[in-house]
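Please read them with the coordinates open.

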Amino acid sequence: MPPKIGFPMTLTYFMHFPLWKIFFTELGFEFVTSQPTNKLILNNGIKEAVTDACIPIKLFHGHVMALKSKVDYIFIPRMVNIDKEKHITFCPKFLGLPDMIRASISNLPPILEISLDKKNKGKLFLYKACRLLGRQLGKPFNKVLKAYLKAVKFQKKFENFLVSKKITPIEAFDYLFKDKNRVNNTKYNRKQTDREINKATSLENNLNIAVVGYPYQIYDSYISADIINFLKKNNVRVWTMEMVPYSILKRYSNRLSKKLFWHFSNKVVWASYHYIDQPYIDGLIHVSAFGCGPDAMVGKLVELECKYRNFPFLNITVDEHTGDAGIKTRIEAFIDMLRYRRTA
Amino acid sequence: MKVSFPHMGISYIGFKHLLEELGYEVIVPPNPTNKTLTYGVKYAPEFACMPFKILLGSYIEVLEKGAEILVSSGGIGPCRAGLYGLVHEKILKDLGYDFVMIILDPPFHNIRDFTRRVLALKQKGIRWNRFLYEVKNAWLKLKLLDKLEQTANEIRARELKKGQTTEVFSEALKMIDEARSRKEILMVQKEAIDILKSVPQDYTKQPLKVGIIGEIYVVLEPYVNFDIERFLGEMGVYVNRSIYLTDYVRYTVWDKKGEAHIKKAAEPYLKQMIRGHGIQSVGETVLYALNGYDGVIQLAPFTCIPEIVAKSIIGKVSKDLDIPVLTINIDEQTGQAGVQTRLEAFIDLLKQRKYLGEQEGKRKIV
């Protein structure tokens with residue numbers, strides 16, 4: 001039986017899962033993720049993490065606890081810098097994540113830890129990281145190279161897929177790993193995207209709401225009270241930041257006198273600006289986590305922008321005590337307001 | 001032009017000197033009070049950290065007094081402090097205030113930007129050599145202030161009459177504030193330290209030694225940390241603060257290797273630079289433990305990202321190196337009595353530990 005590598009199903013999962021899945025599977029490992037977040041994971045996380053950490057970090061602790069006894073290695077990439085701009089990095093909690101986990105959870109299996117650091121390692125940072133992983137796991141060079149190329153190709157496909165089909169990562173995983181026939185033309189092109197937008201906006205009854213926030217919050221259905229599916233049930237077409245191609249996002253990077261320091265936060269702010277500009281979007285929902293440091297800044301910036309532009313805006317903050325009902329009532333009220341606004 | 005800047009401990013003396021000598025009318029930010037905090041809490045985002053709220057509150061206070069220019073420091077992340085200026089400006093403009101904000105980022109990050117901002121700060125009619133001279137003088141003053149605080153901490157633990165050091169300290173501050181030229185500052189430098197040292201002390205006393213680590217604003221601003229240095233000092237504890245403003249500026253701007261020993265100490269526990277004072281907090285804890293300190297107190301604003309990372313790692317350091325660490329998270333709800341009770345309990349614990357340790361030592365000798 002091949003050795004098992006565990007990957008917690010939170011934080012970078014929604015962004016890089018295809019890459020690592022293909023890479024490790026090609027190297028001949030079994031790549032397992034933890035279960036989607038549930039009560040037990042949340043409780044374990046709260047128990048293990050420091051009390052004032054934000055909820056995603058607590059969840060990460062919980063996911064590691066869930067994997068702990070089942071796998072031979074736990075894979076925790078240390079996200080440092082993957083953007084073109086050198087000073088755009090990740091939240092300090094991402095930077096210190098492997099160290100945090102090591103200090104707060106005992107009896108762990110070995111942690112596979114690599115830095116994704118474009119700033120110090122240059123353009124080939126991902127290749128270098130993969131080579132290092134291969135060396136740590138004792139795999140021959142040519143095999144690693146082959147796996148790396150295949151993984152990168154697949155990841156690219158995944159990202160294009162999100163942008164061209166305008167679907168969420170969760171849906172994309174379903175397509176990519178279960179229903180392979182449907183993945184044909186995934187290349188991003190302008191025309192097709194316009195067609196998708198037209199198709200979605202032509203339905204009279206549908207509202208179009210942009211849901212912005214970090215992928216590990218809005219796609220984690222347990223912690224976000226399943227906001228995406230709830231909106232869908234209410235005849236709302238959901239738009240998220242992954243659906244906007246990077247080339248378009250970048251146009252908004254000069255709106256602020258200074259770029260934010262965090263990869264995800266920048267994307268959230270730019271995507272918000274983008275969606276506020278789009279005539280087919282009816283409203284904006286920002287999902288943030290209690291105690292999230294960057295979100296305190298991001299939330300305010302987005303809120304003020306919406307205020308200037310007179311654009312409907314709802315801020316939802318989730319924490320470990322949030323009840324579904326409370327959030328759902330607020331979202332329903334928001335939807336009602338938008339529908340009323342349309343007819344008025 | 002009326003100009004103002006954020007309040008941070010006693011550093012206002014240095015900044016006031018600089019801006020006054022550069023020909024501005026300076027509005028000195030008042031010591032933060034509950035009013036300041038209330039303003040800040042009202043308009044700041046909910047999870048913004050304590051320093052953000054205090055700064056916002058004191059900006060509102062000085063803008064009400066008629067300030068037209070606000071000068072503040074920036075940063076290059078990933079700690080939120082680097083974005084304070086940007087968000088503060090947006091919030092204050094939204095409230096309807098009219099002002100110019102000048103944010104000074106570390107110069108080597110983007111030299112063109114930095115020069116532009118410095119040029120905005122330099123008024124016409126002031127020569128460059130005068131400008132540099134005054135910057136140097138202000139720096140000298142800031143360094144002197146830091147030294148004064150260090151000396152005061154040493155003396156306060158041994159003072160015979162409670163509260164005397166603090167009295168003399170505020171006299172010395174007045175003297176420094178009044179010094180104008182370089183010559184005067186150099187003269188006052190000796191004098192200020194001397195009058196502090198003239199406070200009667202009990203030289204036989206062996207006080208408990210406690211190190212203070214944490215986020216810079218919370219450590220430096222007495223209103224936020226409930227004047228922890230004075231409180232502990234008057235309990236007879238020698239407090240060693242790990243961060244001073246001039247050191248911090250020096251290490252972040254030009255002397256990057258200056259704190260290599262701290263990073264090295266932190267390496268077994270935290271390898272990645274996480275900015276803020278995360279790595280310093282871990283490293284300093286290790287160093288305090290190795291230097292025979294009795295305990296460490298970590299001060300952090302609630303939701304401070306680097307300090308949360310540090311906190312989760314320090315737990316392990318504390319266990320490994322056998323040094324008690326007390327973490328105090330401060331937000332707008334924190335009450336003075338609560339913090340002081342915890343400090344008293346912590347100090348009692350340290351005393352007991354020290355006593356037991358000494359007994360053990362004696363027994364071994366016998």
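1. In chain B, Lys35(B), Thr36(B), Leu37(B), Tyr39(B), Gly40(B), Val41(B) and Tyr43(B) of α2(B) touch Met50(B), Lys53(B), Ile54(B), Leu56(B), Gly57(B), Ser58(B), Ile60(B) and Glu61(B) of α3(B) (contact: heavy atoms within 4.5 Å; helices are DSSP runs of H or I with at least four residues, strands runs of E with at least two, numbered from the N terminus). Sorted by class, this contact has eight nonpolar, four polar and three charged residues (nonpolar: Ala, Val, Leu, Ile, Met, Phe, Trp, Tyr, Cys and Pro; charged: Asp, Glu, Lys and Arg; polar: the others, Gly among them).

2. This is a predicted model, in which local features need pLDDT of at least 70 and side-chain atom pairs count only at pLDDT 80 or more, while totals for chains, interfaces and linings use all residues. Residues are numbered from 1 along each chain as written, chains are lettered from A in the order written, and side-chain values use heavy atoms, without hydrogens or water.

3. Helices α2 (residues 34–43) and α3 (residues 50–64) of chain B pack at about 110°, with axes 7 Å apart (axes are lines fitted to C-alpha atoms over the stretch in contact; angles run from 0 to 180 degrees between N-to-C directions). The two helices are therefore roughly perpendicular, a label for angles of 65 to 115 degrees.

4. The contact between the chains takes 41 residues from chain A and 39 residues from chain B. The buried area is about 3,500 Å², with 70% given by carbon and sulfur atoms (accessible area, 1.4 Å probe, lost on putting two parts together, summed over both).

5. Three salt bridges cross the interface of chain A and chain B (side-chain nitrogen of Lys or Arg within 4 Å of a carboxyl oxygen of Asp or Glu). Lys307(A) pairs with Asp94(B) in a salt bridge, with the closest N and O atoms 2.9 Å apart.

6. Over all chains the count is 35 salt bridges. Arg102(A) and Glu113(A) form a salt bridge at 2.5 Å, N to O. This pair joins helix α5 to strand β4 (residues 111–117) of chain A, eleven residues apart.

Methods: Angles under 35 degrees count as roughly parallel, over 145 as roughly antiparallel, 65 to 115 as roughly perpendicular and the rest as oblique.
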